[in-house]
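Morning, everyone. Please have a look at it before I start.

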Amino acid sequence: MSGYSEKTDNELLSEIKNNDKLAMNALIVRYRSTVEAIAAKYINSPLEMDDLIQEGMIGLLAAINSYNSEKGAKFVTYASRCINNSVQTALRKFSRMKDIPQSNLVTLEEDYFEGQVGLSAEDEYLAKESVSTLTEVLYEGLSRFENEVLRLYIVGCSYAEIADKLGKNPKAIDNAIQRIRKKLDGVTF
């Protein structure tokens, strides 16, 4: 991956469009500190720093997949805006969720398991990105069970809800999430 560090953002983006995973990793490594810096601006928010960084990474992946150099903006500017927007969207969603009575909520999984996925375009895009691209790039080291736990956790299910849906006890889910966190802490790009 050493040759990738000398390449420009546009060169890496071009290689990513040709499904070059090493170019994707190089660009993620290059912008990880930008994600962390933007997430740090929201340190006093109700979301944990890890959650803010995760949302920022989703924004970065969205930027990588949707950037168009012909629009005139540099990738760094576009990526920073996408990262910031992703974090702000997560904070707005969190704020709205706390104002909704829990009895009025219908989880994504209820719709999903009944064969009716009713997502907004934004949620569908984020779900696709977080499940496909993020899983492929960041979580290759997870078992099938850990991937399922992570998918349910990402969409906001509690440990008890995940345990119920997967037929496990909440302690098994907690253990799986702890393993996932350890594996993700060890991920290098």
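Start with helices α2 and α3. How do they lie relative to each other? Their axes cross at roughly 135°. Angles over 145 would count as roughly antiparallel, so α2 and α3 are oblique to each other. Keep in mind that this is a predicted model. α2 covers residues 21-40, α3 covers residues 49-66, and the two axes come within 9 Å. The crossing of α2 past α3 is right-handed.

Which residues make that contact? On the α2 side we have M24, L27, I28, Y31, R32, V35, E36, A39 and A40. On the α3 side they meet M49, L52, I53, G56, M57, L60, L61 and I64. By type, that contact splits into 14 nonpolar residues, 1 polar and 2 charged.

Now the core. The largest nonpolar core has 30 residues. Which members touch the most others? L27, L60, I64 and F75. Four helices each put in at least two residues: α1 (9-17), α2, α3 and α4 (75-99). The biggest giver is α2, with 9 residues.

Take L27 by itself. Set aside its neighbours within four places in sequence. What is left in contact with L27? D9, L12, L13, I16, I64 and F75. Of these, I64 and F75 were also on the list of residues touching the most other core members.

There is also a second, separate core. This one has 11 residues, L142, I162, A176 and I180 among them.

Next, the pair α7 and α8. α8 is residues 159-166, and its axis sits 10 Å from that of α7. The packing angle is about 135°. That makes these two helices oblique as well, by the cut-off I gave for the other pair. The α7 and α8 crossing is right-handed. From α7, the contact uses F145, E148, V149, L152 and Y153. From α8, it uses Y159, I162, K165 and L166. I162 is one of the residues in that second core. The α7 with α8 contact counts 7 nonpolar residues, no polar ones and 2 charged.

Two serines, for contrast. First, S86. It is in helix α4. Is S86 buried or exposed? The relative accessible area is 11%. Buried means under 20%, so S86 is buried. Who does S86 touch, beyond residues up to four places away in sequence? E55, I58 and G59.

Second, S143. Where is S143? In the loop between α6 (121-138) and α7 (144-154). Its relative accessible area is 33%, so S143 is partly exposed. Look across to A176. S143 and A176 are 33 residues apart along the chain, and their C-alpha atoms are separated by 9.6 Å. A176 belongs to the second core.

Last, the whole chain. How many helices and strands does the protein chain have? There are 9 helices and 0 strands. From the N terminus on, the elements read α-α-α-α-α-α-α-α-α. The chain has 189 residues, and 35% of them count as buried.

Happy to go back to any part of the model.

How values were computed. Residues numbered from 1 in each chain as written. Predicted model: local features only at pLDDT ≥ 70, side-chain atom pairs only at ≥ 80, totals over all residues. Heavy atoms only, no water. Axes fitted to C-alpha atoms, helices over the stretch in contact; angles between N-to-C directions. Parallel < 35°, antiparallel > 145°, perpendicular 65-115°, else oblique. Left-handed = near helix turned anticlockwise from the far one by under 90°. Contact = heavy atoms within 4.5 Å. Nonpolar A, V, L, I, M, F, W, Y, C, P; charged D, E, K, R; others polar. Core = buried A, V, L, I, M, F, W, Y, C linked by side-chain atoms within 4.5 Å. Buried < 20%, exposed > 50% of the residue type's maximum accessible area, 1.4 Å probe, protein only.
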